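Dear colleague,

Please find below the structure that I am handing over to you, together with its sequence.

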Amino acid sequence: MHDTAPAKHGLAAGDHRPDRPDWTIAQDWERYTAAEHAVWKTLFERQSRLLPGRACAEFVRGMADLPLGADQIPNFEQLSEVLMQRTGWQVVAVPGLVPDDVFFEHLANRRFPSGQFIRKPHELDYLEEPDVFHDVFGHVPMLMNPVMAEFIQAYGQGGLRAKQLGVLDQLARVYWYTVEFGLVLEDGAPRIYGAGIVSSSTETRFSVEDDSPNRVRFALERVMRTRYRIDDFQETYFVLDHLDELLALAQVDFAPYYQRVRGAAEHAPGDVLASDRVLTRGTGRYHARKRQGAAA
């Protein structure tokens, strides 16, 4: 599966809608059980072993400067106190996915909505809905970086406009291929800054070491026309030369881009174009095996 419909940052399911119009809830940190803290510890220690030499320096620095550790699920108030001093952000608890307009409104006001729950022990490697580990371990360290802090706020502001214009699917791809699954060059090698990768033990290795995926220089219009995978590893990763590119991206007027991509042909997740600046042309073997297995 890939993004054949406009990407949703949230349509919260069933009866989980909270009373507050902004969908925030109390974290209720004291209610986490020993078993839930143990799941966090397992995930934290596993990823902490994998990320040196694979995650970018800014992610590692953000981790070191935040009140994050292996022994317990972080307290959002403590995280927010440090974030506010550094970049003016805070972490707010939500019950899971939230509606798009709520999500964008939070980001536009430097509030990062984080799932308050944590996955079960049998869900360590895949969870359909982002939990506290994905949201906090994956996203919050990069919010300590002023460039990322500015970019995500601008994305929230742009998301509100894109929804009104009916072009949210194109803008969502920018978020997906940067904030969630982005790579950046560091000392000539791709390093991870995307939250979807740094919070996944398997994709951490796959994204920067496997010979299967393409690694292509980030180009805005190219990304806006490229579908992505939501069910498996990415077939293509887009790579920034430097994180400062996000600051320039935060200041882009997207209106001309929306006009150009509207009705234009879309690219499949694994396409490599003649116009691409290719850092690594992948073999595609991983997804080819998966397709063969599905057809058998």
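**The β3–β4 hairpin and its sheet**

In the hairpin of β3 and β4, two residues lie between the strands, and Asp 187 adopts a positive phi near 55°. Please note that this is a predicted model, in which local features need pLDDT of at least 70 and side-chain atom pairs count only at pLDDT 80 or more, while totals for chains, interfaces and linings use all residues. Residues are numbered from 1 along each chain as its sequence is written, and side-chain values use heavy atoms, with hydrogens and water left out.

Strands here are DSSP runs of E with at least two residues, and helices are runs of H or I with at least four, numbered from the N terminus. Two strands are said to pair if DSSP finds at least two bridges between them. On that basis, β3 and β4 pair in the antiparallel sense over four bridges, and Val 184 stands opposite Arg 191 in β4.

Strand β3 (residues 183–186) also pairs with strand β6 (residues 236–240), in the parallel sense and over two bridges. Here Val 184 stands opposite Leu 240 in β6, and Leu 183 has Val 239 as its bridge partner.

**Helix packing**

For the helix pairs, axes are lines fitted to C-alpha atoms over the stretch in contact, and angles run from 0 to 180 degrees between N-to-C directions. Contact means heavy atoms within 4.5 Å. A crossing is left-handed if the near helix is turned anticlockwise from the far one by less than a right angle, and right-handed if clockwise.

The axes of α3 and helix α5 (residues 132–143) are 11 Å apart, at an angle of about 15°. The two helices are therefore roughly parallel, a term for angles under 35 degrees. Their crossing is left-handed. Phe 76, Leu 79 and Leu 83 of α3 make the contact with Val 132, Val 136, Val 140 and Leu 143 of α5. By class, this contact has seven nonpolar, no polar and no charged residues; Ala, Val, Leu, Ile, Met, Phe, Trp, Tyr, Cys and Pro count as nonpolar, Asp, Glu, Lys and Arg as charged, and the others, Gly among them, as polar.

Helix α4 (residues 100–108) packs against helix α6 (residues 146–165) at an angle of about 145°, with the axes 7 Å apart. This crossing, too, is left-handed. Among the residues in contact are Phe 103, Phe 104 and Leu 107 of α4 and Ile 152, Tyr 155 and Leu 160 of α6. The contact of α4 with α6 has seven nonpolar, four polar and four charged residues.

Helix α1 (residues 34–50) and helix α9 (residues 201–209) have axes that come within 9 Å and cross at roughly 15°. They are therefore roughly parallel to each other, and their crossing is right-handed. Arg 46, Gln 47 and Leu 50 in α1 meet Ser 201, Thr 204 and Arg 205 in α9. These residues divide into one nonpolar, three polar and two charged.

**Salt bridges**

A salt bridge is a side-chain nitrogen of Lys or Arg within 4 Å of a carboxyl oxygen of Asp or Glu. The whole structure holds 19 of them. In one, the side chains of Asp 71 and Lys 41 meet at 3.1 Å, N to O. Asp 71 lies in the loop between α2 (57–65) and α3 (76–86) and Lys 41 in helix α1, so the pair ties together parts that are 30 residues apart in sequence.

With kind regards

Methods: Parallel < 35°, antiparallel > 145°, perpendicular 65-115°, else oblique.
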